[in-house]
Amino acid sequence: MTNHESLTRRDFMNGVGMGTAALLAGFPQAQAAPAMQGASDTFEPDVALELIALPRSVSLRPGRATSVWSYQSRVVKGDPASVQALPDSYLGPILRLRRGQKVRIDFVNRLDQPSTVHWHGLHVPDTMDGHPRFAIGRGERYRYEFEVRNRAGTYWYHPHPHGHTGEQVYFGLAGLLLVSDEEEQALPLPRGQYDLPIVIQDRSFDDGNQLRYLSGTGPTARGDASGAPSAPGNTMGGRGMMGGMMSRGAMMSGGMGDMGDMMTRMMGFLGDTILVNGRPESLIEVATHPYRLRILNGSNSRIYKLAWQDGRPLTVIGTDAGLLERPVHKDYVMLAPAERVELWADFSKDDLGTQLTMMSLAFEGAMGRMMDMMGGGSMGDAMGGSSLAAGARFPIFTVKVARKLNGSLELPDRLSAISWPRLQDAVNRAKPRTFRITMAQMQWGFNGRSFEMTAVAPTEVVKLGTTEVWEFANDGGMMTMAHPIHVHDQQFQVLERRHGAGSSGVRDGYVDQGWKDTVLVMPGDRVKLLMRFADYSGLYLYHCHMLEHEDLGLMRNYRIEA
Ligand code: C2O
Ligand code: CU
């Protein structure tokens, strides 16, 4: 143990010992946390884990190993099955928790930049939510303690430091967090090997098998990690922003330089290679049996239009926070960054040897009118240097029916009982709180405001114990594109969608029948959400989950006031 790590209980209580340790580590001093809610001396964890973020290398493709950042975890106390490592993957281990469990996770940062951990979708006190104001530097620890209050579902965890979330997730920091509860346990659902997590991410590799992202980022970046240009000569000249962006030669020469970076930050990174569960192989062998496929879109900015290649419908049984009331059949499902969907996939009637591919179907509109402004679809390959444009058609993974199995399971027609919040209880039912997504001076914002570490506008304050309607409006004129909106600490109900002109090819792919924490808002659309602010007061985030947008400021605080 290094000095920085041997912190005492008292240090944790006093803001994780950020004072001296941060100074020693050469990082600007983070704001001291107030005494942590939940992290009291009386907190008796049922499960205690250590979670370390560190650089390592993993063999993903033939030849040289790929340098990544990765989470490693071990169980300090409690059920050893709480942590399931994924061998040969850069993804963090799957954390398996039960509703009602008290969990302690000691996070250790071994990166050379600040980080936090956010438990995406979980309802926890604000000091336990991974807000960037609690970022810790290299060698420091942060103790997360919370009770699992969420229903059974497919949640996940990832870093949330200001300005570096996209970078840290891209280079490997993310993992699934699966919660189970009694209601789910009582159902005849596929379990064990028939309960398959599927994390979909797009990445780009250079010729040396290294991950390619914005200039000067990642574990192999030298010196200043704040984005030093890697290629000379990528200047805009005198043609202004759009003129500069139109110059594909400038963007593509010598990899991504300033201009390519700028455009990637604004439009979102798109990789040209699809990875599943942190591996490039996409063949999954299955038996003639029903499967529960828990699909997470862990991509930085890519939206998928999921469909089986042979046209059989998708049987949806769950969304971001667990099971639907009953199964829903869909020709296709839209899955934006951070969204989860759970499918019942029954291969019991398929012949041995059958191969079935999960596709992302072609769709239009994700880039809204940004694309028109940038000169049309041919610009797709320039974005993030990717040759796989937004809305392109491509295969994601293939299942191969490789084993015969007798005995099966029937899809239950009732999956769960949901008690929804009631619209008539919403205090602002007559006048929903509206957040318009705006773009000005190359900065994304909500109602014209970009991220500020602790600031909250008067329109961003809600009352503990109330129910509200929030409306996200993505109709801000010329500069619109798709944005998946995520609200921390909440699971909400999608009440209403008003569609603009551009989203006709995706509309049937929303699964609004279940609890959601992330919702796709296509260009021209307005979406109304119903949510209840319960249990915890404090400062929480809402933001776009296209991570480049988030890092560029399409994120704000809201405060729940007691
Ligand atoms: Cu999944 Cu604020 O993030
Ligand atoms: Cu966005």
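Student: What is the spacing in sequence of the donor residues of the copper ion (ligand 2)?

Tutor: The donor residues of the copper ion (ligand 2) follow the pattern H-x60-C-x4-H along the sequence. This is a predicted model, in which local features need pLDDT of at least 70 and side-chain atom pairs pLDDT 80 or more, while totals for chains, interfaces and linings use all residues. Residues are numbered from 1 along each chain as written, chains are lettered from A and ligands numbered from 1 in written order, and side-chain values use heavy atoms, without hydrogens or water.

Student: Which protein atoms are the donors of the copper ion (ligand 2)?

Tutor: Donors are N, O and S atoms within 2.8 Å of the metal (3.2 Å for Na, K and Ca), and a site may look incomplete because water is not among the atoms. Here the protein donors are ND1 of His-483, SG of Cys-544 and ND1 of His-549, which lie 2.0 to 2.1 Å from the copper ion (ligand 2). His-483 belongs to strand E25 (residues 483-487) and His-549 to helix H9 (residues 547-551), so this pair ties together parts that are 66 residues apart in sequence. Helices (H or I, at least four residues) and strands (E, at least two) are DSSP runs, numbered from the N terminus.

Student: In what order do the strands of the five-stranded open sheet lie?

Tutor: Two strands pair if DSSP finds at least two bridges between them. In this open sheet the order is E23-E30-E29-E25-E27, and the pairing is mixed. Strand E23 (461-463) and strand E27 (518-521) are the edge strands, each pairing on one side only. Strand E29 (residues 538-544) and strand E30 (residues 555-561) are joined by six bridges in the antiparallel sense, and Leu-541 has Asn-557 in E30 as its bridge partner.

Student: What is the strand order in the open sheet of six strands?

Tutor: That sheet runs E11-E10-E13-E18-E15-E16, again with mixed pairing, and its edges are strand E11 (273-276) and strand E16 (322-330), each of which pairs on one side only. Within the sheet, strand E15 (residues 314-319) and strand E18 (residues 340-346) pair in the antiparallel sense over three bridges, with Leu-343 in E18 as the bridge partner of Val-316.

Student: Which residues lie nearest the centre of the largest pocket?

Tutor: On a 1 Å grid over the protein atoms alone, a pocket is an open set of points with protein on both sides within 12 Å along at least five of seven lines, whereas in a cavity a 1.4 Å probe fits but cannot get out; lining residues have an atom within 4 Å of a point. Gln-84, Arg-96, Gly-192, Asp-195 and Pro-197 lie nearest the centre of the largest pocket, which is lined by 36 residues. Among the elements that give two or more residues to this lining are strand E4 (94-98), helix H4 (182-185) and strand E10 (195-203). The largest pocket has a volume of about 740 Å³, a volume being the space filled by probe spheres set on the grid points, which are joined across faces, edges and corners.

Student: How many cavities of 30 Å³ or more does the structure hold?

Tutor: The structure holds four such cavities. The largest cavity contains about 70 Å³ of space, and of its 13 lining residues, Met-334, Glu-339, Tyr-510, Val-511 and Lys-516 are the closest to the centre. Strand E17 (333-335) and E18 each give two or more residues to that lining, and the largest share, three residues, comes from E17. The second largest cavity has a volume of about 50 Å³, and the residues that line it include Met-267, Met-481 and Met-546.
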